[in-house]
Every structure is written in C-alpha cells, then in structure tokens.
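Keep the structure open while reading.

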Amino acid sequence: MKQYFLILLLILTAQSGFAAARPVDKHGQLHVDSVHIVDQNGKITRLKGISLGWHNWWPQFYNPSVVEELSRNWNISVIRAAMGVEPAGGYLERPEESVKLIQTVVDAAIANGIYVIIDWHSHDIYTEEAEAFFSMMAQQYAGYPHIIYEIFNEPENRGWDEIKEYSIRVIEAIRKYDKHNLIIVGTPDWAQDVETVARDPIVGYENLVYSLHFYAASHELLRYKAAYAVSKGLPMFVSECSPSFANGDGKLDKGKFAVWLDFLKRKEIGFVMWGLYDKEESSAMLKPGANPNGNWPVSQLTEMGVYSRWIVGRKIDSSIYVSIIGALFILGIVVVLMRKKRE
C-alpha cells in the first residue's frame, strides 16, 4: 500500500505544478471585451495583487526579491509599481533613478510570470513628461503581455474634460509603440467619479479600462457610482484599495471591505491592495524596519499585511481540484492493474 501512496504523491506533485501555472503563462495577452478584462482565450480574468508604496519614499522594496516573494508566497497575479511623480525625489526631480527602479520591478515581474502595472503616481497633470515616460516604457516593453499602463493615479481638482484630453495624448504616445496592452485611465476626484466618465468615455481606442479607488472605511457609498458605471458599460479596474480610511490610517473595517469584495466578485472586477511599505499607518503592510528583500515572518507584517496576504492568495484555482480528482482516478487504475497482475 505504501507504493500506492508514493505513486499518488508523485502524481499530485506533477499535477500541482501544472495547476500552479504562472498567471501570464495561463492568461497571456489581456484585452477588454465589453465591460470585462478577458484573457487570450476570451475568459473573464480578475487580476488580484499588491501595490508597492511610492517609489521615492520606499525604494528599498523595489527589487527582484520582493517581486518574487509576492509572486510565489503571496500568490499575486499582478504587482503595481507606484512611481511617485511630484514629491521630493520623484520622477520630475530624479527621472533616471525613478525609471531604473520601475524597470527593476517590471523586469522581475516578467521573470516571475506575473502582470505589472506601471503607475504614473501623480495627482496633477504633466502631459509632456507623461508622454515622454510612457513612450519610453512602451518602446522597451511592447510585445510583453505582462505590461499594464496606469497613466494617471488619482486626479485631484481636475475635471473629466481635462483628464480626458491628457489621457488621449498619453494613450496615443503608448499606442505608437504598443498596440495591445491594457491602459488604465484615471478618473476624477481621486479615481472615484466613475459615473461622470461612464457618460462620456474615451472612444476610438481599444483595451482601455478606468480606475476606481476605494478605502472601505470611508467610501461605502462609492459602490453606487461604481454600479452605475458598470450598468453603462464602463470597464473598470480597482488599482488601489484598502479597508482603512481614505487617509490610509484608522481602524481597518474588514466588514465593509468584505462587502466591497463581494461587489467586485459579482461584477467580475479585479483589484490591487494598497500598500507594501513600512510606515506607522494602518494601510501599510509592513512594520517599520521590515526586511527590504521579502521573506517576511509574521512578526514583520502588520495587521494589514497579514490580511492582504490572505485576501489575494486565499482562492485555490479550481484546476487544483481537477488535478486531485484526476490523480485519484489514475491511482485507482494503478491499484486495479496491480491487483490483476497479482492474480
């Protein structure tokens, strides 16, 4: 009987390796079909992942080891590289250093077979600078299905007409080199006024989705805007969310966040949780001084870190269950054949 269990173990090992196919290997080139993000086979695909903190404040986490840790042990399908634009040390002040850190994360995401969001983490409009940056990124990474461009993080004090004009220019800069990869378009009022955009979306370009950001303790009523936008056919992606208050602090309201997660599941919308950095606030996933190279023990994770790891990694791919059933079936055949051989 021991040999039967050994055979089963070998089968399960082989099957689980197949079931745990890397996200990009499994889904390939993403595109927008009506209101959904779908994969290379036309199947609706809900990416789930983690956003790094502002690169200029937490550059120590912009390294291959962290990307590998999140990919292998947190089971993320997408990572967001939040390139700070305006603050001290940001892209406008240190463009070469900023680009190098973003490229490090992007290259590591490609190596680990996960999707990566190149996030222009800004609150204001810098059209020419954004055009130059995304032209450079599109030239370098066109042809990699891993890439997602987020061209405006959280517009502040800018109406949709201004954001739309800016977005079209940046979209054209990207599409000059990259014809296919997803582009996330920012929406007014800190990526919340999706209902305004739903009435007047950008037309003439493919594979555009629109950003929705929520902080569950503050933004419960925002779901009505999101539901309206979906009803009008606006494709959305939640590129930033947290169970905390909108300022990134305060008590984590996991109950309200669970309601949001249920909404996103029903509407088949993917999401990225904020954020992977070490600061004394409730949205930070790491405690101050956490290992900059990943491999964090629970003692280095905050409540948000433990919760986020569970949220993004808790769902087991249904193919695993299929693999287990298949392995048991094969084992049954092996047992029958061996018994017949004995007879």
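A pocket here is an open set of grid points with protein on both sides within 12 Å along at least five of seven lines. The model is predicted. Its second largest pocket has a volume of about 350 Å³.

**Second largest pocket**
- This pocket is lined by 21 residues.
- Tyr215, Glu240, Ala246, Asn247 and Trp274 are the lining residues closest to its centre.

**Cavity**
- The count is one cavity of 30 Å³ or more.
- The largest cavity has a volume of about 40 Å³.
- Its lining consists of His36, Ile37, Ile44, Thr45, Met236, Glu268, Ile269 and Gly270.
- Four of these lining residues are nonpolar, three are polar and one is charged.

**Nonpolar cores**
- The largest nonpolar core holds 89 residues.
- Within this core, Ile79, Phe134, Tyr149, Met273 and Leu276 touch the most other members.
- Helix α4 (residues 95-112) supplies the largest share of this core, eight residues.
- Leaving aside residues up to four places away in sequence, Ile79 touches Ile50, Leu52, Val67, Leu70, Val105, Ala109, Ile114, Tyr115, Val116 and Ile117.
- A second core of 14 residues is separate, and includes Val78, Ile148, Ile184 and Val272.

**Helix α4**
- At 1.5 Å a residue, the 18 residues of α4 should span 26 Å. The end C-alpha atoms of α4 are 26 Å apart, so the model agrees with that expectation.
- Buried residues of α4 are Ser98, Val99, Leu101, Ile102, Gln103, Val105, Val106, Ala108, Ala109, Ile110 and Asn112.
- Two of them, Val105 and Ala109, are also contacts of Ile79.
- An α-helix has 3.6 residues a turn, so residues three or four places apart point the same way.
- The cover over the buried residues of α4 includes the strands β3 (48-52), β4 (78-84), β5 (115-121) and β6 (147-150). Helices α3 (64-73) and α5 (127-141) also contribute to that cover.
- Gly113 follows α4 and has a positive phi, near 70°.

**Gly159**
- Gly159 sits in the loop between β6 and α6 (160-175).
- Is Gly159 buried, partly exposed or exposed? Its relative accessible area is 35%. Buried means under 20% and exposed means over 50%, so Gly159 is partly exposed.
- Gly159 and Pro188 are 29 residues apart along the chain. Their C-alpha atoms are separated by 6.1 Å.

Conventions
Residues numbered from 1 in each chain as written. Predicted model: local features only at pLDDT ≥ 70, side-chain atom pairs only at ≥ 80, totals over all residues. Heavy atoms only, no water. 1 Å grid on protein atoms, 1.4 Å probe; cavity = no way out; pocket = protein on both sides within 12 Å on 5 of 7 lines; lining within 4 Å. Points joined across faces, edges and corners; volume = space filled by probe spheres on them. Nonpolar A, V, L, I, M, F, W, Y, C, P; charged D, E, K, R; others polar. Core = buried A, V, L, I, M, F, W, Y, C linked by side-chain atoms within 4.5 Å. Buried < 20%, exposed > 50% of the residue type's maximum accessible area, 1.4 Å probe, protein only. Helix = DSSP H or I, 4+ residues; strand = E, 2+ residues; numbered from the N terminus. Contact = heavy atoms within 4.5 Å. Expected span 1.5 Å × (residues − 1).
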